[in-house]
Amino acid sequence: ELISEPARGAFVRNQMLIAGLIYGPAAATFPEEGSQRTAAYLLVTGGTFFAIMAASQNLAVTRAQNHLATDGAYRGAFIARGLAFAFDVDEDHEDAWAASALVGGIVGSIGGFRLGRGYTDSEARAATFGSTTIGGATAGLLGALGAFEGEEGSERVAVGAIVAAGLLGYPLGVRYPRRASYRVTAGDVMTLLPAGIVGGALAATAVSDSDDRVVSGVITAGFLTGVLVGDRLLARQYDFT
């Protein structure tokens, strides 16, 4: 039984886009001169193309792997930057920040590709949705508690907690389609994030002039309520493609 369709072409295209947006710009920050930076950008993006083309010919890339590898590159870069901030990496040191984004993107992409092996499309989507939801809810809760209003040390702890919550969201998210009493498709999972955003937006209209902590807490509650409503009224009732 085919659990996830082949997606080699989409995988190569997405990885090249990632190389142009993450790997190339990060590598271009290391040289001193402008011409060297341009050469570094072209070398990394071009090298990525040939490396991906050669590697993908001997690999069976599924749509689930493509999704997790693509998402993992962007998410990995953000996670690496978050960890760099949490561990007090010098913000003025451009090379350190660029290296964290470059390494984080590569590790995230490889990790996502390996994680997606054997996953269905719905499990892959649920993994990234779980990471986004748990990480976002943690950020909202910390904002409601005033974690971002204190000293810089408390902000670093808060960012570290958000990164940890986002990583925890991967295995928790996969449990959703596996444990649900009804069939959950990849399209079902994809409806939940917009439902949560609508819920958060509606909640925001009621507290637009309130204290920042109240706004953060209410928007977080509205987002989670929207996700729950989306699950009950959309994912449970229909099978979205």
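**Exercise 1. Identify the partner of Asp 121 in a salt bridge, and describe where the two residues lie.**

Solution. Asp 121 is joined to Arg 63 by a salt bridge, with 2.7 Å between the closest N and O atoms; the term requires a side-chain nitrogen of Lys or Arg within 4 Å of a carboxyl oxygen of Asp or Glu. Asp 121 belongs to helix α5 (residues 121-144) and Arg 63 to helix α3, so the bridge ties together parts that are 58 residues apart in sequence. Helices here are DSSP runs (H or I, at least four residues), numbered from the N terminus.

The next step is accessibility, for which buried means under 20% relative accessible area, exposed over 50%, and partly exposed in between, with a 1.4 Å probe and protein chains only. Asp 121 is buried at 14% relative accessibility, whereas Arg 63 is partly exposed at 39%. Finally, the pair belongs to a network of salt bridges that links Glu 5, Arg 63 and Asp 121.

The model is predicted, so local features need pLDDT of at least 70 and side-chain atom pairs count only at pLDDT 80 or more, while totals for chains, interfaces and linings use all residues. Residues are numbered from 1 along each chain as its sequence is written, and side-chain values use heavy atoms, with hydrogens and water left out.

**Exercise 2. Describe the surroundings of Gln 65 and of Ser 122.**

Solution. Gln 65 is placed in helix α3 (residues 63-86), where its relative accessibility of 3% makes it buried. Leaving aside neighbours within four places in sequence, Gln 65 is in contact (heavy atoms within 4.5 Å) with Ala 60, Gly 112, Phe 113, Gly 116 and Arg 117.

Ser 122 is found in helix α5 and counts as buried at 11% relative accessibility. Its side chain makes a polar contact with the side chain of Thr 120 at 3.1 Å. Such a contact is a pair of N or O atoms within 3.5 Å, of which, within protein, one must be able to donate a hydrogen and the other to accept it, and residues adjacent in sequence count only if both atoms are side-chain atoms. The Ser 122 side chain also reaches the backbone oxygen of Val 184 at 3.4 Å. Residues up to four places away in sequence not being counted, Ser 122 touches Pro 177, Val 184, Thr 185, Ala 186 and Val 189.

**Exercise 3. Classify the ring pair formed by Phe 49 and Phe 50, and say which charged end sits over the ring of Phe 85.**

Solution. Rings of Phe, Tyr and Trp (its six-membered ring) pair if their centres lie within 6.5 Å, and planes under 30 degrees apart count as stacked, over 60 as edge-to-face and the rest as tilted. By this rule there are three aromatic pairs. The ring centres of Phe 49 and Phe 50 are 5.3 Å apart with planes at 75°, so the pair is edge-to-face. Phe 49 is partly exposed at 33%, whereas Phe 50 is exposed at 59% relative accessibility.

The charged end of Arg 156 sits over the ring of Phe 85, 4.5 Å from its centre, where the criterion is NZ of Lys or CZ of Arg within 6 Å of the ring centre and within 35 degrees of the ring normal.

Key:
Helix = DSSP H or I, 4+ residues; strand = E, 2+ residues; numbered from the N terminus.
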